[in-house]
Structures are given as structure tokens and as C-alpha cells.
Amino acid sequence: MEKGAYYRPKQSSLGLGVLPVYQDEQLNYLTRKLDGYLTGTYIYNKMSLTEQVSSVITIAAPQPVRPFRFKKLSVECVKSYADTPDDENTLYLLRLLDAIKDLKYIPGTTPQQAYDRIFALHISQLSPVNLEKIVSLAINYPPRVRKILSDMLKKDNRFDLSKQLVNTICPTTRFDLPYKTI
């Protein structure tokens with residue numbers, strides 16, 4: 001016999017019992033049911049923005065619901081600013097925009113460190129096509145997100161895309177941004 005986790009299904013009156021649902025399967029089920037996608041600290045950890053491991057799973061959904069428990073998972077919902085993505089690339093870009101939106105609230109890091117990591121690990125690595133796509137997706141996000149993304153694009157010498165985002169922000173809007181651009 002090999003080492004590993006084994007499960008022997010219990011016999012019920014209807015036949016074999018159901019096999020256990022593992023965390024990834026549970027998360028896929030929840031995101032399909034809520035018509036959303038995973039975001040929050042769980043994803044920021046996978047994106048190397050924090051080393052903290054979240055005990056709460058966050059799902060961005062068009063119609064958020066109250067926090068609830070599903071099996072052993074604590075789930076909270078936040079508002080999604082875009083439709084549920086149909087491909088992995090769009091999903092990645094939406095998660096980047098969510099990370100920018102939550103810049104102040106990423107645990108285990110300062111807003112400046114989070115800004116620098118998002119830029120260095122993700123934004124600066126995007127292809128020109130993906131940069132244009134993230135700008136088009138950012139239009140639906142709050143003005144603060146558009147401003148931060150435009151600062152990152154300026155830092156990456158993409159002044160055309162930065163100007164495109166700045167034009168969507170009311171000129172009298174003032175921001176108290178938690179980072180310094182140098």
C-alpha cells in the first residue's frame with residue numbers, strides 16, 4: 001500500500017456515499033453559483049503580494065450576498081466591477097485591478113510595498129495588448145483605481161494609456177494616495 005490520504009465511502013441505503021469535496025472543488029462550485037470569481041487575500045497570496053494566508057475566501061460577484069459559511073470555508077462577497085470573465089487572461093487582469101483597489105488593505109504589507117510589488121511583478125510584465133485591455137477594464141472601477149493604474153502606466157512610460165485613464169477622472173477630484181511615485 002502507498003502513503004497518502006484514503007477515503008472509504010460509507011454505504012448508504014441509496015448506494016455509495018458521496019466522496020468528499022476538496023477545497024478547490026468547493027471554490028469552483030461557489031464561484032459558479034454566485035456567478036463571480038475569487039479575489040481578496042487568498043488570491044493576493046498566490047500573486048506574491050502578501051505572505052499572509054486568509055481564513056476568509058472573498059468572491060467578487062455582480063450581486064454580492066451577506067457573508068456565510070460553506071462546509072468549513074468562511075465566504076464573503078464583494079461587488080464585481082466587470083462581468084464574470086470567460087478566459088484566464090481577463091480574470092488575471094481583473095484580479096490585478098482588485099489588488100489595486102485594495103492597496104491599503106492587503107495584509108502583512110504597507111501600501112507602498114503593495115504598490116511596488118503590483119508594479120514590479122505584474123504591471124511592468126504585461127504585454128501591450130494586455131495593457132490596453134486592463135485600461136479598458138479599469139474604466140468600470142472607481143476613480144482611485146484609475147488614478148493608481150495611470151500612475152503605474154506613467155512609471156512604465158506608457159503615457160498614451162495613462163492619459164486615456166486620466167481623461168475619465170473628474171479634474172477636480174483629489175486623492176489621498178498611500179504611496180509615492182518617484
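I looked up Lys101 and found that Lys101 sits in helix α3. I am working from a predicted model.

Is Lys101 buried or exposed? I noted a relative accessibility of 13% for Lys101, so Lys101 counts as buried, the cut-off for buried being under 20%.

Next I looked for the contacts of Lys101, setting aside neighbours within four places in sequence. I found Tyr81, Arg144 and Val145 in contact with Lys101.

I then turned to helix α5, residues 128-138, and helix α6, residues 143-155. I read an angle of about 160° for their packing, and their axes lie 10 Å apart. Angles over 145 degrees count as roughly antiparallel, so α5 is roughly antiparallel to α6. I recorded the crossing of α5 past α6 as left-handed.

Which residues make this contact? From α5 I listed Leu131, Ile134, Val135 and Ala138, and from α6 Arg146, Leu149 and Leu153. Sorting the contact of α5 with α6 by class, I got 6 nonpolar residues, 1 charged and no polar ones.

I checked burial along α5 as well. The buried residues of α5 are Asn130, Leu131, Ile134, Val135, Leu137 and Ala138. Looking down the axis of α5, I saw that its buried residues fall within an arc of 165°, so they line one face of the helix.

Last, I asked what the buried residues of α5 pack against. I found three partners for them: α3 (88-101), α6 and α7 (159-166). Helix α3 is also where I had placed Lys101.

Note on methods:
Residues numbered from 1 in each chain as written. Predicted model: local features only at pLDDT ≥ 70, side-chain atom pairs only at ≥ 80, totals over all residues. Heavy atoms only, no water. Axes fitted to C-alpha atoms, helices over the stretch in contact; angles between N-to-C directions. Helix = DSSP H or I, 4+ residues; strand = E, 2+ residues; numbered from the N terminus. Parallel < 35°, antiparallel > 145°, perpendicular 65-115°, else oblique. Left-handed = near helix turned anticlockwise from the far one by under 90°. Contact = heavy atoms within 4.5 Å. Nonpolar A, V, L, I, M, F, W, Y, C, P; charged D, E, K, R; others polar. Buried < 20%, exposed > 50% of the residue type's maximum accessible area, 1.4 Å probe, protein only. Arc of directions from axis to C-beta.
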